Amino acid sequence: MQTVVSEDGTGFADERVGSGPPMVLLHGGSTTRRTWDAIRPHQGDDSRTSSPDRRGRGDCGDGEEYGLDREVADLRALVDAFLPAATRPSNPRLQPLHNKGWCRGITERNRQ
């Protein structure tokens, strides 16, 4: 397990396994990274996964006040830590993102 630190100093747990193309597994609002425990062992070389705890859940700290902008900042910190800059396109909008289910974070990212 690794710890990623967001721009406001909040640290959050991030489990990483596998090799291959990167994939970030984000849990829903009422769960933790443990949601993915049954899936992670089966990833193998199909992908390199990152499954963090979201702000205020599991092994993640929390800031003084909650806001969607803080969750977006956490996701940015995770991507910066998980994907070396040399592997990302110069235009972040060209980075492929796949969303399974509804995801406000991707919606917010695409508006910026």
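User: What makes the contact between Arg-33 and Glu-15 a salt bridge?

Analyst: In this predicted model, the closest N and O atoms of Arg-33 and Glu-15 are 2.9 Å apart. A salt bridge requires a side-chain nitrogen of Lys or Arg within 4 Å of a carboxyl oxygen of Asp or Glu, so the pair qualifies. Arg-33 lies in the loop between E3 and E4 and Glu-15 in strand E2, so the bridge ties together parts that are 18 residues apart in sequence.

User: Why are Arg-33 and Glu-15 called buried?

Analyst: The cut-off for buried is under 20% relative accessible area. Arg-33 has 2% relative accessibility and therefore counts as buried. Glu-15, at 16%, is buried as well. Both residues belong to a network of salt bridges that also links Arg-34, Asp-37 and Asp-53.

User: How do you know that Asp-8 and Arg-70 form a salt bridge, and which parts of the chain does the pair tie together?

Analyst: Their closest N and O atoms are 3.1 Å apart, and the limit is 4 Å. Asp-8 lies in the loop between E1 and E2 while Arg-70 is in helix H1, so the pair connects parts 62 residues apart in sequence. Asp-8, at 32% relative accessibility, counts as partly exposed. Arg-70 is also partly exposed, with 26%.

User: Why is Ser-6 called buried, and what joins its side chain to Asp-74?

Analyst: Ser-6 has 5% relative accessibility, so it counts as buried. Ser-6 sits in the loop between strand E1 (2-5) and strand E2 (11-18). A polar contact of 2.6 Å joins the side chains of Ser-6 and Asp-74; the limit for such a contact is 3.5 Å.

User: Why does Asp-69 count as exposed, and which surface patch includes this residue?

Analyst: Exposed means over 50% relative accessible area. Asp-69, at 57%, therefore counts as exposed. Asp-69 is located in helix H1 (residues 68-82). Together with Glu-7, Glu-64 and Glu-65, Asp-69 forms a negative surface patch.

User: How do you know that Asp-46 is exposed?

Analyst: Its relative accessible area is 61%, so Asp-46 is exposed. Asp-46 lies in the loop between strand E3 (22-24) and strand E4 (48-52).

Technical notes: Residues are numbered from 1 along each chain as its sequence is written. This is a predicted model: local features need pLDDT of at least 70, side-chain atom pairs count only at pLDDT 80 or more; totals for chains, interfaces and linings use all residues. Side-chain values use heavy atoms; hydrogens and water are left out. Patches are made of residues with over 30% relative accessible area and no salt bridge: like charges are joined within 9 Å, nonpolar side chains (Val, Leu, Ile, Met, Phe, Trp, Tyr) within 5 Å. Accessible areas come from the Shrake-Rupley method with a 1.4 Å probe; for residues, only the protein chains shown count as cover. Lys and Arg count as positive and Asp and Glu as negative; His and the chain ends are not counted. The place of a charge is taken as NZ of Lys, CZ of Arg, CG of Asp or CD of Glu. Helices (H or I, at least four residues) and strands (E, at least two) are DSSP runs, numbered from the N terminus. Buried means under 20% relative accessible area, exposed over 50%, partly exposed in between (1.4 Å probe, protein chains only). A polar contact is a pair of N or O atoms within 3.5 Å; within protein, one must be able to donate a hydrogen and the other to accept it, and residues adjacent in sequence count only if both atoms are side-chain atoms.
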